Amino acid sequence: MIVYQKVCLGPEDNDHCTVCPVRDKGKKMYDLAGLTHQVNALADPENVELCGGESRLDQDLFSLISHARGRGAKRIKLVTSGRWVANWDMLTGLTEAGCRLFEVKIYGSRPETHEAITGKRGSFDQTLQGLQNLSTLSGSGEYEGAIYMAARVGVTRANLEDIIPTIALLTSLGVDRIVLAQMGVDLPMKEAAQVVGNAMRVAALNRVWSVCEGFPPCLMKGSEMHVTELLWPEPSKVKKPKGCRGCTYVEICSGPPKGVAGQRAFRAVSSSPYVEDVRLLLRIGSPHAEQ
Amino acid sequence: MPNNRRRILLVSFNVAGHDSLALGYIKAFALKDPTVSRRTQIDILGFANEEGSVRQALYYMTEFKPHLIGFSCYVWSMGTILELARSVKQIMPQVPIIAGGPEVGPGADQYLEEHSALDVVVHDEGEAVFLDLIRHFFAGKGQLEDIAGISFRRGQNVVRNADRSPIKDLDEIPSPYLTGVLTPRDGVTYLQSFRGCPFRCGFCYEAGRHKMLRFFSYERVKEELALVMGNPSIRSFHFVDSVFNLNPKHLGKLSRLIQDANRYNTALRTIEVFTEQVDEETVRFLVQAGVQSVETGPQTAIAETQKRIGRYFDAEKFSRGVRLMQEVGIHVWCDLIIGLPGDNFFRCVHSVAFTMTLKPAQIVISILHVLPGTPLFEKAERFGLAFDPDPPHYVIANDSFPFDQIYNAVLFSSSAAKEYNVALP
């Protein structure tokens, strides 16, 4: 699978997300020189992921993308809240500079759910506008098939009831992939796994590929084909709860996220017809290596 | 436009950006006959296989007023051809409609039984058969029963004649380019140095055909190359040989011919290669031939599946072959098929992951078509293969790959391949 080398555009998040792991308001943004240095330091810059704080870089982002292209980047992916690409001129500037892959983070199908997590009023409209712009550009004659548009849906306790409507919204926009990522330590895992499983079925019914992240295979019975940890397995030595002993997937499952609610929901999978095939995938090599 | 000669239309519906070489052969062979050449006008019509083309073709036919129509039938065009044939039969019931090609040949009788618009279906190679049919319909020569290699409608019944042996000496078929039947055009000029395939891949219709390889003479290929490559407006062309690197001797000879004819730095694009067989010498020949891009498997990276479908696969040799070609700047396109017996969803993911590690220029994903006449079609029961009996014969399930997994594998692979192929040069 495609392994992206990450370049973090800045330690600050765009909004005030309650679940963002890089939230840190005390630190300064990187400047262009620092970022180009990061790009120069990449061992294999073929696939580059730019994440975090892109809207504060402004025009420097174009320069950074051009620089990465000059260093041999073939796929440049921007992980974004969607606010930058809500501006049509900025979006076309990005694509012309050489950024053709986008992963837009969204938390709900309506402002109340999305903004309860981003902590910023008006952010939903901007994210939605960004997605709509990408959809329009992707379908335009000039860029047809040349834009890859993914969506990352953070699954938290606060937006659980809005997950399926969010998937319905995203499928209507023609995204190429949806990632449902477990977020927040207070997420009721068993209940969330059921919702996520149903959400992925909704995506499949609408012919959109979806995966979940951070939901151990034991919780995703019947949805194993969509479990990132099985599709891109890597050896895991994380200490697991007692209930995981003897699990078929113990070698590759990263276990329940530390401190997450509902640990008792995890039960060892005694057998699976996919074990050997998943091990075969493991031999291909881990895609999670990052620089 | 209409004149006193008997008018024959040869029709194909092509995938965008392609043309029909087969109809060029049919016409060139027919025109060898002096009487046919003098008394008939044969036109080749190629339409894009897209919405609206049926009515466009029908309009052309009402203008041209043909006395005989031949269709070149492939899996991607059969539905369109049947739709057109039904309409033609209603407004020109007296015009015989002949269908040939890999989609109809293996199931000739069934096609005639199920589609009353078709009058004759050619079992296999069409050149000699079609000439006999022209003579029959226009000169009253012989009975349809006497023409080997066809099935035809007689009243309510379908009559199946004996099969016809393929033409042994391919040079008996005049070159469509050298005779002016086809005009070489940039990007859509197809040459061929041999017919047949040494491999027996279960999904490929070539595997169900003649085991014997038949070659056009090098002299004839040389003349064709001189014509095509002597034209500065032809920037690239194709060879449609099933395996371009058939063996070192043939490849060496062919590449020298191409090199000698290459006056304007013309590129050879999208040839099929057997990658496990690619070594340093092969690569030198490919460079000599001006090969710009190749298309190859692995179709699946699961050795067990490859064996089941009659293919040879060696992951290490395959990877090495891809790397050697890439090192000299040849663009390698890797093909994967979803739905092969022996695969399942996770194995399909493995194949995509394996292929990505090779860093090909493009990854091309397709769903298995269980084509009539192929080993998979013939042995469908053994593989538990369920598929649509109508073209394009998409697989529904098999003994290792249930439908829900195939459906999800298509979603996954389409998304993964798009993400991969979005790459900028």
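Residues are numbered from 1 along each chain as its sequence is written, while chains are lettered from A and ligands numbered from 1 in the order in which they are written. Because the model is predicted, local features need pLDDT of at least 70 and side-chain atom pairs count only at pLDDT 80 or more, whereas totals for chains, interfaces and linings use all residues.

The contact between the chains draws 22 residues from chain A and 21 residues from chain B, with two residues taken to be in contact if their C-beta atoms, placed from the backbone, lie within 7 Å. On the side of chain A that touches chain B, the largest share, five residues, belongs to helix α9 (residues 275-284) of chain A; helices are DSSP runs (H or I, at least four residues), numbered from the N terminus.

Within chain B, the domain assignment, which is automatic or from a database, gives domain 1 (6-160) and domain 2 (184-421). Their C-alpha centres lie 29 Å apart, and 13 residues from each of the two domains make up the contact.

Helix α7 (residues 218-229) of chain B packs against helix α8 (residues 248-261) of chain B at an angle of about 35 degrees, with the axes 9 Å apart. Here axes are lines fitted to C-alpha atoms over the stretch in contact, and angles run from 0 to 180 degrees between N-to-C directions. Among the residues of α7(B) that meet α8(B) are Tyr218(B), Leu225(B) and Met229(B); the partners in α8(B) include Leu257(B) and Ile258(B).

Terms used. Helices (H or I, at least four residues) and strands (E, at least two) are DSSP runs, numbered from the N terminus.
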